[in-house]
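Here is a briefing on one protein model, arranged by topic. Please look over the structure before reading the points below.

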Amino acid sequence: FERCVELMKAADVSRREIIDFCQQHIALSKARTRCIDEYCRMKAYPEAIELLKESIRLDKDYAGLVLEHKNRLKEIYRLTEDRDKYMETLWELAREELDAYKELKSQYTREEWLTEREKLFEGVTSKYYAAELYKAEAMYDKLLEYAVGAWGLSAAEQYFNELSKLYPRELLKKYRDELSSMVASVSDRRMYQQLVEILRKMKKISGGEQVVQDIVSEWRRNYKRRRAMMEELDKL
């Protein structure tokens with residue numbers, strides 16, 4: 001399809017002919033995108049808007065494409081100064097994208113945003129994305145709640161820098177609880193090395209030296225027959 005369009009352009013055919021060709025292959029996402037491109041070059045924004053809406057419907061199973069369509073729709077509403085539709089689309093995007101969130105936030109005063117952001121959080125369905133918003137908004141109590149409640153240590157690791165300084169006790173407890181669950185089933189040196197790396201990280205948290213010392217004492221007592229573990233703990 002793309003090759004055909006490039007050949008048509010090289011042959012200096014009119015935009016209308018290119019659009020007609022795209023319309024013949026409208027089931028293809030690439031054809032619709034190219035058609036929208038041509039509409040925008042012609043400033044035929046109503047046609048571009050309708051085709052973008054149709055593309056959102058047709059590509060509903062492809063999240064990345066839908067976001068692209070919505071972003072393009074938002075930009076057309078901005079260009080055509082359709083404030084209501086622009087804000088409506090921006091709000092939709094802000095529930096999924098950080099760039100859109102930043103753009104949305106810029107539309108309000110600092111005081112207004114404190115109220116508006118609550119509406120934003122109400123519409124966010126992804127816990128992972130909500131955590132990114134908590135970080136961006138410096139809502140560290142909510143970020144801690146997410147990290148502590150999440151399975152495993154991935155969230156605690158991701159937001160270690162933000163949380164370790166503000167909530168050392170709570171973060172150390174999360175690490176200790178997770179390590180207690182992990183250590184019982186570990187049986188190879190590579191995993192012991194990973195556990196020791198986690199302990200090293202814990203020592204960087206205020207109060208971590210004592211917590212790590214307690215954990216190591218407990219492990220030496222409970223798993224003294226695990227020679228590989230003992231050897232790795234000696235390297236801590």
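The lining of the largest cavity in this predicted model has 3 nonpolar, 1 polar and 2 charged residues. In this scheme Ala, Val, Leu, Ile, Met, Phe, Trp, Tyr, Cys and Pro are nonpolar, Asp, Glu, Lys and Arg are charged, and the others, Gly among them, are polar. Residues are numbered from 1 along each chain as its sequence is written. Local features need pLDDT of at least 70 and side-chain atom pairs count only at pLDDT 80 or more, while totals for chains, interfaces and linings use all residues; side-chain values use heavy atoms, without hydrogens and water.

**Cavity**
- The lining residues of the largest cavity are Arg176, Leu179, Ser180, Ile215, Glu218 and Trp219; a lining residue has an atom within 4 Å of a cavity point.
- Helix H13 (168–183) and helix H15 (208–222) are the elements that give two or more residues to this lining. Helices (H or I, at least four residues) and strands (E, at least two) are DSSP runs numbered from the N terminus.
- The volume of the largest cavity is about 40 Å³, and the count of cavities of 30 Å³ or more is 1.
- A cavity is a set of points, on a 1 Å grid over the protein atoms alone, where a 1.4 Å probe fits but cannot get out. Points are joined across faces, edges and corners, and the volume is the space filled by probe spheres set on them.

**Leu199**
- Leu199 belongs to helix H14 (residues 189–203).
- Leu199 has a relative accessible area of 0% and is therefore buried. Buried means under 20% relative accessible area, exposed over 50%, and partly exposed in between (1.4 Å probe, protein chains only).
- Apart from neighbours within four places in sequence, Leu199 contacts Leu179, Val212, Ile215, Val216, Trp219, Leu233 and Leu236. Contact means heavy atoms within 4.5 Å.
- Leu199 and Arg176 are 23 residues apart along the chain, and their C-alpha atoms are separated by 9.2 Å.

- Helix H6 (residues 83–94) has 12 residues and spans 16 Å from its first C-alpha to its last, close to the 16 Å expected at 1.5 Å a residue. The expected span is 1.5 Å times one less than the number of residues.
- Buried residues in H6 are Tyr86, Met87, Thr89, Leu90, Trp91, Leu93 and Ala94.
- Their cover includes helix H5 (63–79), H7, helix H8 (110–123) and helix H9 (127–136).
- Glu103 sits in helix H7 (residues 98–105) and is partly exposed, at 22% relative accessible area.
- Beyond four places in sequence, Glu103 touches Lys74, Glu75, Tyr86 and Leu90. Glu103 and Leu90 are 13 residues apart in sequence, with 7.9 Å from C-alpha to C-alpha.

**Positive phi**
- Most residues other than glycine have a negative phi.
- Lys43 has a positive phi, near 60°. Lys43 lies in the loop between helix H3 (29–41) and helix H4 (45–58) and is exposed, with a relative accessible area of 58%.
- Ala138 also has a positive phi, near 55°. Ala138 is in the loop between H9 and helix H10 (140–149) and is partly exposed, at 44% relative accessibility.

**Whole chain**
- The protein chain has 16 helices and 0 strands.
- Of its 236 residues, 42% count as buried.
- Among contacts with a separation of 6 or more, 46% are between residues 24 or more positions apart.

Terms used. On a 1 Å grid over the protein atoms alone, a cavity is a set of points where a 1.4 Å probe fits but cannot get out, and a pocket is an open set with protein on both sides within 12 Å along at least five of seven lines; lining residues have an atom within 4 Å of a point.
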